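Student: Could you take me through the features of this model one at a time, and show me how each should be read?

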Amino acid sequence: MDGFLLAQPGAVLRTSGTRHAFDDAERAAAALRAGAADLVVGALAFDPRQPAALTVPERARHTAGPWRPAALPALPRVRIVAELPPPAEHVARVAELVERLSDPAQPLRKVVAARSLLAEADAALDPEVLAGQLLARHPRANVFAVDLTPAGRPGATLIGATPEVLVARHGDSVTLHPLAGTAPRHPDPEIDAARARELLDSGKNRIEHAYVIDWIRERLAPVCRELTVPETPELAGTAQVWHLATPIRGRLRDPGVSALDLAMLLHPTPAVCGTPTDLALADITAAEGPRGCYGGAAGWCDAAGDGEWVVAIRCAELSADGRVLRAWAGGGIVADSDPDTELDETTAKLRTLLGALDCPVPDRVDARP
């Protein structure tokens, strides 16, 4: 895909062509400040030390309202060919993390452990058609498609439908809607409502959520003259899961701080990494290897500093030939986490993307080794 797409419920940005590419977010932000770029779009890697995929596009079209793609052709058959790691191995890793996190003598408090599924398609998948199918299934999500060529993966595309806005900046107004703490949905309305109430009352999930909110408050306090953070989270639902969510609003002290600057300041949050950030990042890298842009951020920033960045979750990387797809999902592990429940959570999250491909993700309730 030669371009960028971010389709949100209230606005759509589509770009094509490349005037300049950046694999370094700091250089892209500097180009915006210097007036050398009027718009930067793309994705940040999960690990800030890894290459970003940012471009100054040749053409851009920003429209109000939802994206309404034309009639979408059927997608080719897609099948799962590998689970990385296998379910039993993921459960064992979570169990080991729980044991370590239960030790009050060590400083690590939370780690987001992820697994992925590798899928193959019978014919090439069109990134825009897949994005359109995701939008049809998840009309309230933030659907994105990003060319990963600047990050050293020529022709590959990051595609997803995320419920989470990392940060939006318009004028001196800053808004965020962090999510942390999850429970799978249920088709029975009474059971589903009970799961939502249990999540809202869950000590384990409230602790996990608090790590995220406290960290964001600490990061934003130096750059915001006003900061409004509700004392308790609220519920936010997708078709697959319930989340704990906290809407946050602020006012910038310095109007020179751009949306891209804020994205770099906030990323990666404890919602996708852990607490403390440096220790969790080291643990994740050692256990999983590079995540690429999964758990990173996708979005845009213009020369005025305005922009929107969403968290790159519920997503997959599509190969340049369109035949191979790798989809990720993770969960925040704390001392009270249950390994089998955490596996079920990743399964529910993987269904956001793979469900649009009619590719079943099996339940793995018996994965404990």
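Predicted model: local features only at pLDDT ≥ 70, side-chain atom pairs only at ≥ 80, totals over all residues.

Student: How many cavities of 30 Å³ or more does the structure hold, and which residues are closest to the centre of the largest cavity?

Tutor: There are 3 cavities of 30 Å³ or more, and the largest cavity holds about 220 Å³ of space. It is lined by 23 residues, of which Ala-271, Ile-313, Arg-314, Gly-330 and Lys-349 are the closest to its centre. Two or more lining residues come from each of strand S8 (110–121), strand S13 (179–184), strand S22 and helix H8 (339–354), and the largest share, 5 residues, is from S22. By class, this lining is made up of 9 nonpolar, 7 polar and 7 charged residues.

Student: Which residues are closest to the centre of the second largest cavity, and how does its lining divide by class?

Tutor: The second largest cavity has a volume of about 80 Å³, and of its 13 lining residues the closest to the centre are Gly-3, Phe-4, Thr-18, Thr-55 and Asp-147. At least two residues of this lining are supplied by each of strands S1 (3–8), S4 (39–44), S5 (53–56) and S9 (142–147), and by class the lining residues are 5 nonpolar, 6 polar and 2 charged.

Student: What is the volume of the largest pocket, and which residues are closest to its centre?

Tutor: The volume of the largest pocket is about 350 Å³. Among the 18 residues that line this pocket, Arg-140, Ala-141, Pro-163, Gly-237 and Thr-238 are the closest to its centre, and the lining divides into 7 nonpolar, 8 polar and 3 charged residues.

Student: How is a pair of aromatic rings described, and how many aromatic pairs are counted here?

Tutor: Such a pair is described by the distance of the ring centres and the angle of the planes. The count here is 1 aromatic pair: the ring centres of Tyr-294 and Trp-328 are 5.7 Å apart and the planes lie at 5°, so the pair is stacked. Because Tyr-294 lies in the loop between helix H7 (277–288) and strand S19 (297–302), and Trp-328 in strand S22 (residues 324–333), the pair ties together parts that are 34 residues apart in sequence. Both Tyr-294 and Trp-328 are buried.

Student: Which ring does Arg-185 lie over, and which ring has the charged end of Arg-291 over it?

Tutor: Arg-185 lies over the face of Trp-242, at 3.9 Å from the ring centre, and the charged end of Arg-291 sits over the ring of Phe-46, 4.4 Å from the centre of that ring.

How values were computed: Residues numbered from 1 in each chain as written. Heavy atoms only, no water. Phe/Tyr/Trp six-rings, centres within 6.5 Å; stacked < 30°, edge-to-face > 60°. Helix = DSSP H or I, 4+ residues; strand = E, 2+ residues; numbered from the N terminus. Buried < 20%, exposed > 50% of the residue type's maximum accessible area, 1.4 Å probe, protein only. Lys NZ or Arg CZ within 6 Å of the ring centre and 35° of its normal. 1 Å grid on protein atoms, 1.4 Å probe; cavity = no way out; pocket = protein on both sides within 12 Å on 5 of 7 lines; lining within 4 Å. Points joined across faces, edges and corners; volume = space filled by probe spheres on them. Nonpolar A, V, L, I, M, F, W, Y, C, P; charged D, E, K, R; others polar.
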